[in-house]
Amino acid sequence: MSEHRRKPPQPQGGGRAAARRGQSGSSSGRRAAPRGATESPSDSYGSGSSRSGGEERPYGGRAEARRAAQRGGGNRRRAPEPTGRGARRGGSTGPGRGRASAPTKNRFIDYPRAGKYGWQRWVPSWRLVSGLSLAFFGSLVAIAGIGYAMVSIPSENAAAKSENNVYYWADGSQMVATGSGANRQNVDISKIPKAMQWAVISAENKSFYTDSGVDPMGIARALANMARGGDTQGGSTITQQYVKNTYLSQEQTVSRKFKEMFISIKVGTKLTKDEILQGYLNTSYYGRGAYGIQAAAQTYYGKDAEDLSVSQCAFLAALLKGPTYYDPIDNTSIDPTATKDKNLERSRGRWSWILEQMHDDKRITDAEYQTAVKKYPMPQGLKATKGMTGQISYLVDTAKKYVLNHSNISQADFDKGGYQIYTTFEKDKVNALAKAVKKVEDERIDPEKRELDKHVQFGAASVKPNDGAIVALYGGDGYENDHFNNNADTSGVPVGSTWKPFVLAAAMEYGTYKSDGEGVSPLSKYNGNDHLKVRNNDGSYVLKKDNSVFYQENESDYPWGYITLRKAMEQSVNTPFVQLGMDVGMDKVQSVAEKAGILKDSFAYRNASFALGTSTPSAIRMADAYATFAASGKHADPYSVTQVKHNGEEVPGFSKPKVTLAMPENVANNVTDTLENVIENGTGKNAKALGRTAAGKTGTTDSNKSAWFVGYTQQLSTSVAMFREDPKNSKLLSMNGTAGVESIHGGDIPTSIWTEYMKVALKGDNDPGFPEAEKIGEIQDEAGAPSPTPSVTVTPSETPSATPSPTPSESEILPSPSASESCKFSWQCTDTGGTDTGGTDGGVTSSPTATATDTTRGNGNGGGIFGGSTG
C-alpha cells in the first residue's frame, strides 16, 4: 500500500493533537510548533513521545485502537484520566477515548450499556428502569380495561334454567331423566327472611355492604394455595361466589380466578348489594339436588323460604359451607368421612356458630338468639324425586358416583344437568334380580307375623367376569319406601365364610412359613375340631387383649378331626382356615383379596379371625372378586358407565377398565374346583337347582348378623347379602329366629335368591363349565396331623364322643358324599380326612381382639364399589 494511503500510527496518549499538546505541556508553555518544523524525531509519524519524553510509542492508529478496544471488550479496566489542558480538551490515555474515537450507535434499549465497562455495563440506568416500569403498569391497566369491557354480568334467571340428566340402559334405550330442573325457583329479596340474609353475611362476608365485591388478598391466597396444590376455597366475597355460581365452572384454575375478579368488579359497579345477595341465595347449591333458597326450604323443611325460622335459616346457611359434610345424613357414598354422625356433629357446630355470629353482629336480638339456640332444627329425611323409584334410584346412584369419581365434574355442576349417561345395566337382568328377591322374601319373611322378620334387608350385584361390567344390582326397597341406602354398594356387613376362598388362594400361591414358597395343596390336612388354640409362626399361642389364650370356635362342636382343606371348604369349617391363614400370613391373604378386587378401605383388622370374613366389602366388590376366580385369575375393576356426554360432546375418562392377571391361572382354577364341590356336596347344595355348572361359597357371621352367598359361572358372577339393621342407628341385628328358623345361613335364603336370579339371567346361554384344574402345590399337613393311612369310612354313630354334642339344623348337616360325588379328578380323592357328617356355614368369627366392623353399617364407606368415592 502506498505511503500516502496508510494512516500513520497514533501515540497512546490520545492521537496527534494530544501528542502536540503533551509536547507543549512539557516545554516552557509556548504553543507547539507545527509538525516537522523542528526536525525532531517526534515530528515523524509513529515517533510521538510521552509527556515525560524519551519513550517510543508502539506503531498504530485510531483504527487499531478501536480494534483493540473491541477485543478487550468490557473486561478492560478504564485507564486513569489525564490531567491538564489535554484532559479538558478530551484527551485520554485509554484507547479510542479521544475525540478521534468512533461514535456509538443509538439503540432503543441501551442494555448492556454502551460506554460502560466491567460490571457497570450490566447495571440498568434509571431511565431504563422507569421506562420499563411505566410500560409494565400501562400494560396491566390496558389488560384490565379490556377484561372489564369483555365480561358480562351474570343472570340468576339464566342459571335457574337447569336441565335433566338422562340415563340409558346398556342397550341404549332411555332408563330415566332426572335432575334439578323442577327443584329450582328464584324468589325476590323481599321473600327471603332477613334472618337468612344476615346469617349468610355474618358467616361468610361481614363487610358485604361496604366492600368492593373483590377480595384481592383472598384471591392471592387462593392462587398461592393452588400453586402448592392445596385447597383454593376460602377468601371469596359473596359477590365472587355469586359470579362463580352463575357464570363460571367450579374448576379451580388461575384463569377462572382472574375471570371471577373481572366479573365481580363489574357486578359490584352495576348491581346493588341487595340484587347481588338475592342472586347469591337464589343460585347457591344446598345439597339434595336443591338450588336456591326456595328449593332448599322445601327440600329440608317442606315450607316456603319466607316462612323459615331464625334457627332454620342458620342451618341452611351452614349448608353453604358444603352440603356433603353439613347435611346430617349419610354421605359416605361421596366421601367416607361424611358419615351421618360426623355430619350431624359438624352441622350442629356451624349452626350454633352462625347464630352466635349473628348475635354478636347485632343482627338478631337477645330473645331471638335464646329462642333459636334452644333446639337444633333437624331437617326432614330424603324424599324420592320423579322417576327415582324401585331399583332405578340405586342404578342412578351407582352410575352418578362412578361419573363423579372418574371425571372432574363436581356434584354441583352435575346436578345442574345436561349430561347423558350410558350405563352397563341390563334391564332384563335388573328386573330378574328384583323379582328373585321379592319372590323369596314374600315366601320366607313375614314382618307382620314375626317381630324378628322386621328390618330384614337384601343387597345383591351381578358382574361380568373378564370384563367388570355391572349388569344388575339390588339396592333395597326403593327411595319411595324411604330406603335411601344402596345395599349393593354399602359397607358394614361382614362377608363371613365367603372370605375363605381368598385364604385358600393365598396358600396355593405363596405356601406357608414352613414351605419355603411351595404352594399348599387343597388336600393338606388341618384340625377341624371346635374350640382350638391358634398358633403363631413361632409356635406360641395367639392371645387376646387381656393376654389370655384365644380359642377359635366353629358353629357346631362336631369333632371333625384332621380334614383336608377341600373338605373344610365344602363344609365351611372355621378352625382349619384360621390356622391356615396364620401359617400363610394374613398380609398375603389381604394381598390376594385386594388384587382380586376388594378395596383396601373395607379390610378389617388383621387378627386371627381375619381369615373368617370380618371385612366388609360391598356386594358389588364381592361379585367382582369372585369374577376373578371365574376368569381364571384375570381381574377387571367393576364399572357402571361406558360413556358420558355433555351437550353432545363426550366427556373423557370412561374407557373400559383394563384386565390384569390378579393371580396364577391354576390357582384360580383350583379355587373354582373347590367351590364347585361346595355346591355339589357342601353348604351351597341349594344352588344345584340352577341345573348347570357353577361354583360358590356360603357365609354366615358372628351372632348371625349377616348371611351371604357368592357364586358364579363363566358368564356371570353374582353376590347376595342378607341382614337385619336397626333403623335408628344402622347397627346390625341378629337374625336368630328370623324366617321362623333357629338361624339364617348363607346356604338358605341368600342361595335361593341367587339361584332364582341366575336361572333367568342365564336362560338361553350355553353351559361351558370351567377350565380343568391341574394338580397344584404339595400336601403340607398341619403339625400334629396323623400320617397317611388307608382311609376308613366311619359313620356318625361310630364317632367317639364323651358327651354328644348338639349339631346344626338338618338343613345344614349334609350326608357324606361317595368318592365319585366328591372327587372330580383322581388326585382329589386322596384321603379326605375326618368324619363326613356334613357341616355348617361357618358363622362364628370370634376375634382375639375386639372389632366393630360387623356392627355398624355405612353407605359405600370402604366396602362400596368406589370405597366411599373411588372405583
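1. The axes of helix α19 (residues 500-510) and helix α22 (residues 586-596) cross at roughly 105° and come within 8 Å. This makes α19 roughly perpendicular to α22, a label given to angles of 65 to 115 degrees, whereas those under 35 count as roughly parallel, those over 145 as roughly antiparallel and the rest as oblique. Axes are lines fitted to C-alpha atoms, for helices over the stretch in contact, and the angles run from 0 to 180 degrees between N-to-C directions. On the α19 side the contact involves F502, V503, A505, A506, E509 and Y510, and on the α22 side K588, V589, S591, V592, A593, K595 and A596; contact means heavy atoms within 4.5 Å. By class, this contact has 9 nonpolar, 1 polar and 3 charged residues. Here Ala, Val, Leu, Ile, Met, Phe, Trp, Tyr, Cys and Pro are nonpolar, Asp, Glu, Lys and Arg are charged, and the others, Gly among them, are polar.

2. The model is predicted: local features need pLDDT of at least 70 and side-chain atom pairs pLDDT 80 or more, while totals for chains, interfaces and linings use all residues. Residues are numbered from 1 along each chain as its sequence is written, and side-chain values use heavy atoms, with hydrogens and water left out.

3. The protein chain has 26 helices and 17 strands, taken as DSSP runs numbered from the N terminus (helices H or I, at least four residues; strands E, at least two). Of its 871 residues, 51% count as buried. Buried means under 20% relative accessible area, exposed over 50% and partly exposed in between, with a 1.4 Å probe and protein chains only. Among contacts in the chain with a separation of 6 or more, 72% join residues 24 or more positions apart.

4. V310, S311, A314, F315, A317 and A318 of α12 meet S347, R350, W351, I354, L355 and M358 of α14. This contact has 9 nonpolar, 2 polar and 1 charged residues.

5. The whole structure holds 25 aromatic pairs. Rings of Phe, Tyr and Trp (its six-membered ring) pair if their centres lie within 6.5 Å; planes under 30 degrees apart count as stacked, over 60 as edge-to-face and the rest as tilted. F208 and Y209 form an edge-to-face pair, 5.0 Å centre to centre with 70° between the planes. F208 is buried at 0% relative accessible area, whereas Y209 is partly exposed at 35%.

6. W499 and F603 are also an edge-to-face pair, with 5.9 Å between centres and 80° between planes. W499 lies in the loop between β5 (470-474) and α19 and F603 in the loop between α22 and α23 (619-630), so the pair ties together parts 104 residues apart in sequence. Both residues are buried.

7. G213 is in the loop between α6 (194-204) and α7 (216-228) and is buried, at 0% relative accessibility. Residues up to four places away in sequence aside, G213 touches T237, T239, Q240, S264 and K273. Its C-alpha atom is separated by 8.0 Å from that of V267, 54 residues apart along the chain.

8. Q241 has its place in helix α8 (residues 238-246) and is buried, with a relative accessible area of 16%. Beyond neighbours within four places in sequence, Q241 is in contact with S236 and Y280.
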